[in-house]
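My entries follow in the order in which I checked them.

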Number of protein chains: 2
Amino acid sequence: MEFFQAISFEKAKESIIHSLRHIRADQEKVDLPQALHRIAATHVIAQENLPPFSRSTVDGFAVRSADTFGASESAPSLFLVAGEVSMGAAASMTLQPGEAVIIPTGGMLPPGADAVVMVEHSEQPDDQTALITKMVAPGENVVMKGEDLSIGTTIVAEGQKITSPHIGALAAAGMASVNVRKKIFVTILSTGDELVDITATAEVGQIRDTNSYALAAMLEAYGCEVRRWGIVKDRYEDFSKALADALSYSDVVVISGGSSVGTRDYTVQAIKGMNQAQLLFHGLAIKPGKPTIYGIVGSVPVFGLPGHPVAAMTICELLVKLAIRQLQGHQEASSRHTLVASLTRNIPSAPGRDDFFPAKLFKQEGQYRATPLFGKSGLIHLLTEADGLIHIPSEKSGLYEGDKVDVLVMT
Amino acid sequence: MEFFQAISFEKAKESIIHSLRHIRADQEKVDLPQALHRIAATHVIAQENLPPFSRSTVDGFAVRSADTFGASESAPSLFLVAGEVSMGAAASMTLQPGEAVIIPTGGMLPPGADAVVMVEHSEQPDDQTALITKMVAPGENVVMKGEDLSIGTTIVAEGQKITSPHIGALAAAGMASVNVRKKIFVTILSTGDELVDITATAEVGQIRDTNSYALAAMLEAYGCEVRRWGIVKDRYEDFSKALADALSYSDVVVISGGSSVGTRDYTVQAIKGMNQAQLLFHGLAIKPGKPTIYGIVGSVPVFGLPGHPVAAMTICELLVKLAIRQLQGHQEASSRHTLVASLTRNIPSAPGRDDFFPAKLFKQEGQYRATPLFGKSGLIHLLTEADGLIHIPSEKSGLYEGDKVDVLVMT
């Protein structure tokens with residue numbers, strides 16, 4: 001077996017990003033509602049002003065603000081009521097000095113007016129007359145034309161994940177469809193002679209295929225399309241054929257399982273046996289996740305994940321999702337997904353290695369606290385009880401009670 | 001118009017929870033992969049032990065730990081290699097004192113063995129002999145039968161949202177399907193004579209229907225099925241007919257828009273005009289979101305949301321999602337979704353009112369900092385630039401730079 005030194009978390013991230021620097025998912029145009037949580041493939045620029053006209057933000061009287069100068073409860077200013085603006089209609093009249101026009105919330109400000117007096121600050125002794133009891137400043141109670149989005153404003157930048165507020169802004173700007181990156185198609189191969197599918201009866205010595213279900217769920221929640229290929233037997237020929245099949249239609253291939261040295265050897269051999277294959281790392285200074293394999297075949301990144309469920313899910317969170325972001329040109333910092341918490345107890349850790357511990361979070365005095373859940377690696381109940389993963393960077397030899405830690409929330 | 005006093009955020013939450021206390025979404029059985037992010041309708045209890053047999057966590061030699069007593073590099077213990085455990089097969093031999101059995105990671109521990117020595121701590125001068133250079137404790141490098149999940153353990157509790165680690169644990173336990181709550185069907189009615197659909201050309205005085213798209217996106221991201229009913233004209237008869245239609249097939253109805261007093265009156269009248277209708281509040285001591293309406297018709301909660309996009313989305317986040325959690329018996333605390341940050345500047349606020357400000361987050365010295373984005377309410381660009389909403393509780397009259405705040409992250 002070729003010798004690979006375990007590389008650091010930072011180097012692994014660099015290696016993945018570098019290997020995918022020329023590969024980008026295709027674009028596709030989707031209807032606005034389908035654009036939610038997709039990655040914008042281009043800048044989306046406002047082609048119109050929003051609002052398209054100056055609008056009142058209250059029910060009241062549109063006026064020239066200068067005409068309200070000095071108005072008060074004790075000395076109201078007198079206005080001639082020159083008409084009324086209807087919702088959804090153009091304001092037809094032009095306001096003359098001393099005139100006021102009745103306007104509803106959202107109504108179009110008539111030409112000549114520059115502010116709106118709230119109905120609460122007015123009296124109407126008769127249909128023709130309004131008494132204004134409060135001064136208004138220019139622009140008061142009005143959203144000016146283009147004040148929300150003006151022509152040329154970037155509504156969503158290339159590489160941003162489209163959120164529900166973006167959907168609102170795009171609707172407001174009349175964008176009925178959006179160019180986004182195609183979803184990443186991930187195929188998960190399960191390896192291991194001891195594995196049986198969840199619907200099968202596990203004989204003595206066999207266990208059920210846990211990881212492919214958990215990994216598929218994580219990646220679907222992250223916006224991927226996922227195919228679980230099924231269980232491949234630990235034979236080089238079977239494995240190589242299955243890998244070639246998965247590579248032919250996938251954007252990313254994840255090989256799950258194969259904790260034993262023998263299976264890892266098959267995985268490495270099979271990757272290297274493909275056309276245009278490059279094995280980039282084998283072994284990480286990350287706990288859990290040491291036996292991780294990464295390579296690229298043509299334009300398809302291939303991950304060999306550890307067999308222990310906690311290790312597999314940790315590496316999926318840290319590195320497979322990084323590859324997916326890179327393929328989609330997704331600019332979001334991963335720091336968006338972390339919480340900051342203070343530790344409830346000391347955690348030992350080896351320097352020179354990035355450690356990740358499942359942890360339970362709770363709030364105390366308005367702050368998050370994190371309790372690490374210790375246990376043998378590979379116990380999935382640790383993850384189901386956890387709210388996230390604590391990260392201990394490689395330069396630290398453990399952390400102390402009260403130390404601030406980043407917690408990656410797992411969904 | 002009937003007089004309603006603006007009620008507090010706390011009272012509004014209590015009112016919603018109380019009004020829905022006897023209403024619960026139906027259950028349905030779904031295949032395991034479809035259970036992701038659904039709400040468990042019952043406790044899911046492990047029916048088998050996991051692992052179903054004691055397994056090695058390393059490649060090495062299964063031994064009786066007592067036989068390694070005193071073993072070291074300088075004085076290795078001698079063992080007879082009695083055989084080999086194959087992956088996925090039952091361990092057939094029973095270990096005798098002084099014997100070792102070759103075992104792969106994940107292999108079944110043979111009867112008689114209670115620990116595994118890593119291959120790195122052994123030498124094999126010939127096929128029959130193993131020299132062990134390190135002592136092992138009972139249970140070392142072994143996951144005992146049932147150590148991860150034992151029969152009777154709760155894998156997912158009723159009311160929990162099923163995460164990807166849960167999917168893994170359920171797969172491990174052989175649960176091919178899960179009982180979950182049915183998705184909540186929400187219909188969104190848009191009101192306002194000034195509204196046109198996003199595909200239409202907006203004439204002068206008209207604006208596009210922004211909120212129904214943004215709200216639909218938020219609620220779909222929260223796991224609901226959403227129908228956008230379309231735009232209803234501001235006429236009592238039209239509105240009442242549309243509401244009756246929506247009520248006939250929805251679990252929740254959201255009325256979006258209608259910022260003017262006139263439209264709000266129609267909304268209130270129409271709700272009260274339905275059979276078995278109860279108007280529960282109209283007016284909230286929340287900014288933004290004051291003109292919120294809430295009632296229940298039969299078993300269907302009905303929200304009338306403010307017309308300003310920021311206010312509509314804020315109330316959807318705070319109260320509509322609360323109703324959805326309640327209908328699904330979802331036990332998750334909303335605090336799971338908040339980050340803690342320190343303010344970069346002072347924020348004024350009126351006591352007696354819960355205030356929510358869009359804010360931008362960044363990390364500084366390992367902590368989140370939040371910069372409130374000030375601007376006229378109703379400007380959607382504030383939300384697209386924000387990472388979340390800062391909450392200023394009603395008992396505070398503003399917050400100071402450096403104060404810790406909860407930030408609700410909007411997706």
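**Entry 1: the two copies.** I began with the interface, taking contact as heavy atoms within 4.5 Å. Of the interface residues of chain A, 100% are also interface residues in chain B, so the copies meet through the same surface. I noted that this is a predicted model: local features need pLDDT of at least 70, side-chain atom pairs count only at pLDDT 80 or more, and totals for chains, interfaces and linings use all residues. Residues are numbered from 1 along each chain as its sequence is written, chains are lettered from A and ligands numbered from 1 in the order in which they are written, and side-chain values use heavy atoms, with hydrogens and water left out.

**Entry 2: the axis.** Two copies of a chain are related by a rotation about an axis and a shift along it.

**Entry 3: aromatic pairs.** I used rings of Phe, Tyr and Trp (its six-membered ring), paired if their centres lie within 6.5 Å; planes under 30 degrees apart are stacked, over 60 edge-to-face, the rest tilted. Over all chains there are ten aromatic pairs. A:Phe185 and A:Tyr249 are edge-to-face, because their ring centres are 6.1 Å apart and their planes stand at 90°. This pair links distant parts of the chain, 64 residues apart: A:Phe185 is in strand β13 (residues 185-191) of chain A and A:Tyr249 in helix α4 (residues 236-249) of chain A. Helices (H or I, at least four residues) and strands (E, at least two) are DSSP runs, numbered from the N terminus.

For accessibility I took buried as under 20% relative accessible area, exposed as over 50% and partly exposed as in between (1.4 Å probe, protein chains only). A:Phe185 is partly exposed at 25%, and A:Tyr249 is partly exposed at 30%.

I then looked up A:Phe357 and A:Phe374, which are edge-to-face, with centres 5.4 Å apart and planes at 75°. A:Phe357 sits in strand β23 (residues 354-364) of chain A and A:Phe374 in the loop between β24 (367-372) and α7 (380-385) of chain A, so the pair ties together parts 17 residues apart in sequence. A:Phe357 is buried at 15%, whereas A:Phe374 is partly exposed at 35%. I also logged one aromatic cluster formed by A:Phe281, A:Tyr294 and A:Phe303.

**Entry 4: charges over rings.** My criterion was NZ of Lys or CZ of Arg within 6 Å of the ring centre and within 35 degrees of the ring normal. The charged end of A:Arg228 sits over the ring of A:Tyr213, 3.7 Å from its centre.

**Entry 5: backbone.** I found a cis peptide bond from A:Lys287 to A:Pro288, with omega near 0°. A:Pro288 is in the loop between β19 (286-287) and β20 (293-297) of chain A. A:Asn141 is not a glycine, yet its phi is positive, near 60°. A:Asn141 is buried, with a relative accessible area of 19%.
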